[in-house]
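Trainee: Could you help me learn to read a protein structure, one feature at a time? I would like to start with contacts.

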Amino acid sequence: MKKATRRQWITCAIVLALYLLFLLWVKSWLGLILIPLIFDVYITKKVPWTFWKKSKNATVRSVMSWVDAIVFSLIAVYFVNIYLFQNYQIPSSSLEKSLLVGDFLYVSKVSYGPRVPNTPLSMPLTQHTLPIFNTKSYIETPQWPYKRVAGFGKVKHQDIVVFNFPAGDTIALNAQLPEFYSVALGVGLDGKYLDTSKLTPEEQNSVYEAVYNKGRSIIKANPKVYGDIIYRPVDRRENYVKRCIALPGDSLQIINRDIYLNGVKQEEPEGVEFIYIVGGTGKTIPEEFFRELGLSNEDTQGYSPGSTEFVLPLTKKAKEKLLARKDLVTSIRNYNMPAGGLYPLNLHTNWSVDNYGPLWIPAKGATIELTPENLAYYERCIVAYEGNKLERKEDGVYINGQKTSSYTFQMDYYWMMGDNRHNSADSRSWGFVPEDHVVGKPILVWLSLDKDRGWFSGKIRWNRIFKMVH
């Protein structure tokens, strides 16, 4: 055995020190089993890790050098994406105008502390599906329990947060939008209107369960139409990005579009927009003026040249700027969003996206009394997120076989909403976001592409590159 040089010893010591610090950070001493391998790579060299370098065959050396570089890169990317940062592209307009469709984000995992992966055996740079092959990009075994290592801080009010879609646990592969529960409910109803307003909460839940189970059975029996029904672990669910409106322990209510936390009216971020009914003069509004208002082609789908009444999503500034153009518009008034179709689906509330709640956000360690009225709000937290078995019986509620009238939450929960308040699938649609679904915090926009423009006519939004996210 060739004696190790001083440089090799120093390099090995640095690598081992960094590796031990990493294990200390993630609090996983199972990784100590790799120390002999690291020592062998730099010092003892019992295993011929680079045997191909001594091959007389040039082709073998060339191919193996590429294999070596690719494997090293994939391993590096794997750990960087899990523990440090990840790139993310904005797919929808729910956070306009804070974030735009086509923005590429640097998402920090260390801002809130990275999660140890639930499914550690996965292909880097994929979320749940391998491109081209259209198969799972992860192996379901082993699955590790939720664990989050130390980060720089915690989620705060008004933070923009990337998280795994909570209602994305069950998926019909050919009908992934909206979430499976709404799809199954719609299939079960088969176009019929269901009025449960005169039923008790228990009766409402029974009707919901019957309709949902009917829809699920139809979906399961028609895989050619809906695709297979699969379950995705938490870290393999779709990544969403929204603004955190309420924290654990907050009481939330939306009254005439205004958000109240614990009875106090909140100031809205500058970019928040709502849909308005615009009265027009009949004169065509120039496309460039829509651009000045920050409206995309998608935003202006409700407008036809020459219209005297149409709908537009507008921020406060855009509304004022448009209203000032008396040659183009005569009035701008609120658009009243319809009630219904909101969380929780199994309870008639008569809430709307503009008038929602009041609703208490669960906090870890907090205990609530379970009532027929509030069980619909928190049942999914108790069962789907915290892994309990809940049964409704004539004599009361049973959790894990024990009759109880209260429940103590094991996790913190958050309430997420988009800044595009009338065009956002958010917590008003699917409820609370558990702490184990939080991925990270977007820090900056590193690239921004306008899908409505060509490469030689403003495709790249230069004014947004390296813009901080807030």
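Mentor: Happy to! Contact means heavy atoms within 4.5 Å. Leaving out residues up to four places away in sequence, Gly 396 touches Glu 391 and Lys 403. Keep in mind that this is a predicted model, where local features need pLDDT of at least 70 and side-chain atom pairs count only at pLDDT 80 or more, while totals for chains, interfaces and linings use all residues. Residues are numbered from 1 along each chain as its sequence is written, and side-chain values use heavy atoms, with hydrogens and water left out.

Trainee: In which strand is Gly 396 found?

Mentor: Gly 396 is in strand E18, residues 396-399. Helices (H or I, at least four residues) and strands (E, at least two) are DSSP runs, numbered from the N terminus.

Trainee: Why does Gly 396 count as partly exposed?

Mentor: Buried means under 20% relative accessible area, exposed over 50%, and partly exposed in between (1.4 Å probe, protein chains only). Gly 396 counts as partly exposed because its relative accessibility is 23%. Leu 34 is partly exposed too, at 39%; you will find Leu 34 in the loop between helix H1 (6-26) and helix H2 (35-44).

Trainee: What is a nonpolar core, and which residues of the largest one touch the most other members?

Mentor: A nonpolar core is a set of buried Ala, Val, Leu, Ile, Met, Phe, Trp, Tyr and Cys residues joined through side-chain atoms within 4.5 Å. The largest here has 33 residues, and those touching the most other members are Tyr 356, Leu 370, Tyr 413, Trp 415 and Phe 432. Several elements give two or more residues to this core, including strand E8 (239-246), helix H9 (375-385) and E18. H9 gives the most, with 7 residues. Apart from this core lies another, of 27 residues, with Ala 175 and Cys 244 among them.

Trainee: How many salt bridges does a search of the whole structure find?

Mentor: The search finds 22. A salt bridge is a side-chain nitrogen of Lys or Arg within 4 Å of a carboxyl oxygen of Asp or Glu. Take Asp 419 and Arg 243, whose side chains meet at 2.9 Å, N to O. This pair links distant parts of the chain, 176 residues apart: Asp 419 is in the loop between E21 and helix H10 (427-430), and Arg 243 is in strand E8. Both residues are buried.

Trainee: With which residue does Arg 257 form a salt bridge?

Mentor: Arg 257 forms one with Asp 354, and the closest N and O atoms are 3.7 Å apart. Arg 257 counts as buried because its relative accessibility is 10%, and Asp 354 counts as buried at 7%.

Trainee: How do I read a sheet?

Mentor: Strands of a sheet pair through backbone hydrogen bonds, either parallel or antiparallel. Two strands pair if DSSP finds at least two bridges between them. In this structure, 3 strands form an open sheet in the order E13-E12-E14, with antiparallel pairing.

Trainee: Which are the edge strands?

Mentor: They are strand E13 (309-315) and E14, each of which pairs on one side only. Strand E12 (residues 273-280) is joined to E13 by 7 bridges. As one example, Tyr 276 has Leu 312 in E13 as its bridge partner.
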